[in-house]
Amino acid sequence: MDFDLAHHGDRDVADGLVDLAVNVRLPAPPEWLRRELELAIPRLAAYPDVREAAAAIAARHGRAPADVLPTAGAAEAFTLLATALRPHRVAVIHPQFTEPEAAVRAAGHSVARVLLREVDGFTLRPAAVPEDADLVFVGNPTNPTSVLHPAAALRGLGRPGRIVVVDEAFLDAVPGEPETLAGERLPGFVVLRSLTKTWGIAGLRAGYALAEPDVVRRLRAVQPPWSVSSLAATAMIACSGPDALGEAESLAKEAVRDREFLVAGLRELDVEVAGVPRAPFVLVRVSEGDHVRAALRSAGYAVRRGDTFPGLGPDWLRIAVRDEDTAREFLTELARVLPGN
């Protein structure tokens, strides 16, 4: 089966639709972040310098600045990895964000897909990864399943000569950031982070990679000059400070409450919710998924189609967590359009 690896949630959204398809939590950046960005505008004539941003990120995670590579969104890191490395065999653990596989294939590498099983709740099985894979990609928590894998299982993926890339783009949306590897310099591990989801700045493209200095140097060598804008660097500094981290924790706790409300409503409708959701989105399966998605769209709601994720099909839908009022109205429409209702 062919999968549209270039399909992302923004393609499911249109004007006039309630957006439950894109995993950006805030509709706009908070006021304090907007002020920081506005103050940086007069400096836009100068070329970007990300050294202060790298230092702020390093301090935030207890790492050395040499371990940090600011990137134009976490997605840029996938292209850098695919370009800088010369893997013998690439393994991508699915279902997950499709950009890693798309970037690897665009760089001319073949991919071995490791499919997590629904019967296991889409939990990680390190033994399923081919032993000879020397570049492995996994999300934590995983998009679209919302499953949070144990750090011990992730460490179990390590092998001499293997690079393991852990995409933690949504981990700052999990209270306490459990199971993170971001604060550890582990041989062979690359951790990716995104600031765009929590802070409502997807249009700014702000992310970073954390890795051993040698890996960071290899990635920087193939990164286009000045790919990280001055405004993105400003956001990295602002979002790495203690006040921002405290606010992110509060937003994460709020998202847990909102997710629990949504999941409870889905289960009341006998809608199958995959795994144990820990991220600010949930994966569900409904019969006649294409029909349900189209009916929801006609009713004014955009949800993320699941059939572009390897390992899933048209009956799977991903729903972004929003506030309780939005969820309540959505659940009313969902009950109306489900088959048999």
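Tutor: Contact here means heavy atoms within 4.5 Å. Angles are taken between N-to-C directions and run from 0 to 180 degrees. The model is a predicted one. Its open sheet has 5 strands, ordered E1-E11-E12-E10-E9, with mixed pairing. At the edges stand strand E1 (18-20) and strand E9 (272-273); each has a single partner strand, so one side of each is left without a neighbour in the sheet.

Within the sheet, strand E11 (residues 301-305) pairs with strand E12 (residues 316-320) in the antiparallel sense, over 2 bridges. Arginine 304 has arginine 318 of E12 as its bridge partner. Across E11 and E12 lies helix H10 (residues 289-298), which runs at about 150° to E11. Helix H11 (residues 324-337) also packs on the sheet, where it touches E1, E11 and E12. The direction of H11 makes about 80° with that of E11. Edge strand E1 is thus among the strands touched by H11.

Helix H3 (residues 74-84) packs with helix H4 (residues 99-106) at an angle of about 35°, and their axes are 8 Å apart. The crossing of these two helices, H3 and H4, is right-handed. H3 contributes Ala75, Phe78, Thr79 and Ala82 to the contact, and H4 contributes Glu99, Pro100, Ala103 and Val104. By class, the residues of this H3 and H4 contact are 6 nonpolar, 1 polar and 1 charged.

Notes
Residues are numbered from 1 along each chain as its sequence is written. This is a predicted model: local features need pLDDT of at least 70, side-chain atom pairs count only at pLDDT 80 or more; totals for chains, interfaces and linings use all residues. Side-chain values use heavy atoms; hydrogens and water are left out. Helices (H or I, at least four residues) and strands (E, at least two) are DSSP runs, numbered from the N terminus. A crossing is left-handed if the near helix is turned anticlockwise from the far one by less than a right angle, and right-handed if clockwise. Ala, Val, Leu, Ile, Met, Phe, Trp, Tyr, Cys and Pro count as nonpolar, Asp, Glu, Lys and Arg as charged, and the others, Gly among them, as polar. Two strands pair if DSSP finds at least two bridges between them.
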